[in-house]
Amino acid sequence: MLRIGHAWDTHKLEKGRKLILGGVEFDSEIGLLGHSDADVVLHAVAESLLGSLALGDLGAFYPDSSDATLNMDSKIILKECYQKILDKGYKLNNLDVTIYSEQIKISPKREEIRTSIAHILHVDINQISIKATTWERMGFIGRGEAIASECVCLIEK
């Protein structure tokens with residue numbers, strides 16, 4: 001049995017924050033603002049996994065109003081969400097991530113991000129696709145105000 005999940009996440013860029021994408025820290029003066037570490041890539045992956053089994057959204061499990069989730073490492077979030085999939089007898093077939101960023105270049109760290117996600121999920125790197133694109137200077141992403149990510153995943157029983 002196959003199930004598909006999809007998710008989108010976006011966070012505002014702000015000076016003085018760490019920039020972490022896919023569990024990989026970037027050397028940058030600006031980072032993503034959020035209640036947790038604001039890793040939009042891992043958030044999109046985790047929420048797509050939850051969505052694949054109609055388990056709800058990330059906020060249902062990790063509310064931004066909770067002290068327990070303040071500054072939480074998104075690698076933990078992803079591990080816990082994937083465990084919910086494994087507990088239901090499913091496993092990841094593959095996932096396809098797109099990162100939307102105007103000024104932060106993803107390609108130099110693409111393979112590191114793939115490796116990071118594969119390691120977190122204990123899957124083969126060939127099951128992880130990472131792509132990146134700009135918004136051609138349009139909208140809040142194009143103006144460099146935010147970074148977004150979306151993920152489609154396929155799980156199987």
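These legends describe close-up views of a predicted model.

Local features need pLDDT of at least 70 and side-chain atom pairs count only at pLDDT 80 or more, while totals for chains, interfaces and linings use all residues. Residues are numbered from 1 along each chain as its sequence is written, and side-chain values use heavy atoms, with hydrogens and water left out.

**View A. The largest nonpolar core has 44 residues.** A nonpolar core is a set of buried Ala, Val, Leu, Ile, Met, Phe, Trp, Tyr and Cys residues joined through side-chain atoms within 4.5 Å. Buried means under 20% relative accessible area, exposed over 50%, partly exposed in between (1.4 Å probe, protein chains only). L21, L92, L95 and I117 touch the most other members. Helix α1 (residues 40-52) gives the largest share of this core, 8 residues. Helices (H or I, at least four residues) and strands (E, at least two) are DSSP runs, numbered from the N terminus. In soluble globular proteins, nonpolar side chains tend to be buried together.

**View B. L95 and its contacts.** Contact means heavy atoms within 4.5 Å. Neighbours within four places in sequence are left aside. L95 then touches V45, I117, L121, Q127, I128, S129, C151, V152 and C153.

**View C. Helix α3 spans residues 74-87.** Its 14 residues reach 20 Å from first C-alpha to last, close to the 20 Å expected at 1.5 Å a residue. The expected span is 1.5 Å times one less than the number of residues. S74, I77, L78, C81, Y82 and I85 are the buried residues of α3. They lie on the same side of α3 because they cover an arc of only 125° around the axis. The arc is that of the directions from the helix axis to the C-beta atoms. These buried residues pack against α1, α2 (58-61), β5 (91-100), α4 (110-121) and β7 (146-156).

**View E. T98 in strand β5.** T98 is buried, at 14% relative accessible area. Leaving aside neighbours within four places in sequence, T98 contacts K131, T133, A148, S149 and E150.

View F. For C81, the nearest cysteine sulfur is that of C153, 11 Å away. C81 is buried, at 0% relative accessibility. The sulfur of C151 is 5.7 Å from its closest cysteine sulfur, in C153, too far for a bond. C151 is buried, at 0% relative accessibility.

Methods
Disulfide = S-S within 2.5 Å.
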